[in-house]
Amino acid sequence: MTTTTTSPLTAADRCDSCGAQAYVRVVLATGELLFCAHHARAHESAFTDLAVHVQDETDRLLEQHGAGAATR
């Protein structure tokens, strides 16, 4: 069994798709991808079966921006 240790995502971590703040880290066998919440949802079906580990910190959006942030 492989244990994946990941550090918390920060404002310096940017979405590989659009450059917005990343809230999801997808660890693959060959590297990792970072996504904002929008692009993580948009590409979830593509990476779910390939991911070794998914670090999802999208719950921080509600903490930081309120209930309306999840629907944007």
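Colleague: In what order do the three strands form the open sheet?

Modeller: The order is β2-β1-β3, and the pairing is antiparallel. Keep in mind that this is a predicted model.

Colleague: What makes β1 and β2 count as paired strands?

Modeller: Five bridges join β1 to β2. A pair needs at least two bridges. The two strands therefore qualify as a pair. They run antiparallel. They also form a hairpin, with two residues between them.

Colleague: How do you know that β1 pairs with β3?

Modeller: Four bridges join β1, residues 24-28, to β3. At least two are required, so this pair counts as well. These strands run antiparallel.

Colleague: Which residues stand across from Arg-25?

Modeller: In β2, Arg-25 stands opposite Leu-34. In β3, the bridge partner of Arg-25 is Gln-55.

Colleague: Why is β1 described as largely enclosed?

Modeller: Count its buried residues. Four of the five residues of β1 are buried, so the rest of the structure largely encloses this strand. Buried here means under 20% relative accessible area.

Colleague: Where does α1 lie?

Modeller: Helix α1 lies across β1, β2 and β3. Its direction is at about 135° to β2.

Colleague: How many aromatic pairs does the structure hold?

Modeller: It holds one aromatic pair. The partners are Phe-35 and Phe-47.

Colleague: What makes the rings of Phe-35 and Phe-47 a pair, and why is the pair called stacked?

Modeller: Take the distance, then the angle. The centres are 5.7 Å apart, and the limit is within 6.5 Å, so the rings pair.

Colleague: Are Phe-35 and Phe-47 buried or exposed?

Modeller: Phe-35 is buried, and Phe-47 is buried too.

Note on methods: Residues are numbered from 1 along each chain as its sequence is written. This is a predicted model: local features need pLDDT of at least 70, side-chain atom pairs count only at pLDDT 80 or more; totals for chains, interfaces and linings use all residues. Side-chain values use heavy atoms; hydrogens and water are left out. Rings of Phe, Tyr and Trp (its six-membered ring) pair if their centres lie within 6.5 Å; planes under 30 degrees apart count as stacked, over 60 as edge-to-face and the rest as tilted. Buried means under 20% relative accessible area, exposed over 50%, partly exposed in between (1.4 Å probe, protein chains only). Contact means heavy atoms within 4.5 Å. Axes are lines fitted to C-alpha atoms, for helices over the stretch in contact, and angles run from 0 to 180 degrees between N-to-C directions.
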